[in-house]
Amino acid sequence: MTDECITRNYGILSSNGAGNRSSIILDNTDAKGCTPESVVVGGATAASASPLPANKFVARMPVERYASEYNMNHKHRGLALIFNHEHFDIPSLKSRTGTNVDSQELYKALDALGFTVSVHKDCKLRDILKHIEKAASQDHTDNDCLAVAILSHGEHGYLYAKDVQYKLDNIWHYFTATFCPSLAGKPKLFFIQACQGDRLDGGITLEKSVTETDGESSMSYKIPIHADFLFSYSTIPGYFSWRNINNGSWYMQSLIRELNTNGKKYDILTLLTFVNQRVALDFESNVPATPMMDRQKQIPCLTSMLTRILRFGDKPTGNKAG
């Protein structure tokens, strides 16, 4: 099965107008031949360091106990790391043409929201971990939050570095409260553009119906070490994720459009709901030569452990990170 197909871009998301036809790629791959339960890096298995028991840690309270919104009024917005994978050392993985468009436009969108953005291209796993460890070791006391975007091949439960597959928790566990206490109680956002399997979503046509039917606060408190994370995935578990070789992936196009248009208007869950809407309604594959790949749809999904409303408000002049 080829991973080079054609897309129909409906409405405003098409840079060439509705009905634009251009080559697109599926962010899918086969994990055969790779180690599924552990990752070998430089001849050694990459394992998570064991943190001290959570009750040994005390972190600064970034907001009142029952505040409805996160404190987004720190001096800086925070770090944003983009891991952009185009080429791979693994023979079965094709180059991800179009991913540089995603990376460049996402950089601009996050920068406009005040993040200090760094892009890391075609990293091997050991290099990804070095960048992650460096970010986690920094003092985030004056930062609102953290964002990490990973643009790569993937399958259900795994992502791909340039040289090997790995699980996402190899990355995000570095930012739990025990490893990175200066981010405790602050939002940690992960945006994942990658396939989560090889299933296809043929969609369903909707037609308009003729008629319509009808506690008390305290000085200190404890939080779970895994609280305040959000994971936004380009597709649901088990399914393909589509990428346009000219305009970038469906999900990233939609996420960037929402960040640019409504990033300071909506809270993050509302914004990601409209990302889902854009992907679901504005895109459809166009591969008439391969019927099983033709007229396919996609829906992103998210997992949220956020405990408050997150809004990216304007920063006072001169306070932009970086």
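Which residues in H1 are buried? In H1, a helix of residues 99–112, the buried residues are Thr99, Asp102, Ser103, Leu106, Ala109 and Leu110; buried means under 20% relative accessible area, with a 1.4 Å probe and protein chains only. The model is predicted, with local features requiring pLDDT of at least 70 and side-chain atom pairs pLDDT 80 or more, while totals for chains, interfaces and linings use all residues. Residues are numbered from 1 along each chain as its sequence is written, and side-chain values use heavy atoms, without hydrogens and water.

**Helix H1**
- Viewed down the axis of H1, the buried residues fall within an arc of 135°, so they line one face of the helix; the arc is taken from the directions from the helix axis to the C-beta atoms.
- These buried residues pack against S5, S6, S7 (143–151), S13 (242–244), S14 (248–249) and helix H4 (250–262), where contact means heavy atoms within 4.5 Å.
- Gly114, with a positive phi near 100°, follows H1.

**Strands S5 and S6**
- Strands S5 (residues 76–84) and S6 (residues 116–121) run parallel and are joined by six bridges; pairing requires at least two bridges found by DSSP.
- Helices (H or I, at least four residues) and strands (E, at least two) are DSSP runs, numbered from the N terminus.
- Ile82 stands opposite Val119 in S6.
- Together, S5, H1 and S6 make a right-handed β-α-β unit.

**Cysteines**
- The structure has zero disulfides, a disulfide being a pair of cysteine sulfur atoms within 2.5 Å.
- Cys123 is buried at a relative accessible area of 7%, and Cys180 is buried at 1%.

How values were computed: Buried means under 20% relative accessible area, exposed over 50%, partly exposed in between (1.4 Å probe, protein chains only). A crossover is right-handed if, with the strands pointing away from the viewer, the path from the first strand over the helix to the second runs clockwise.
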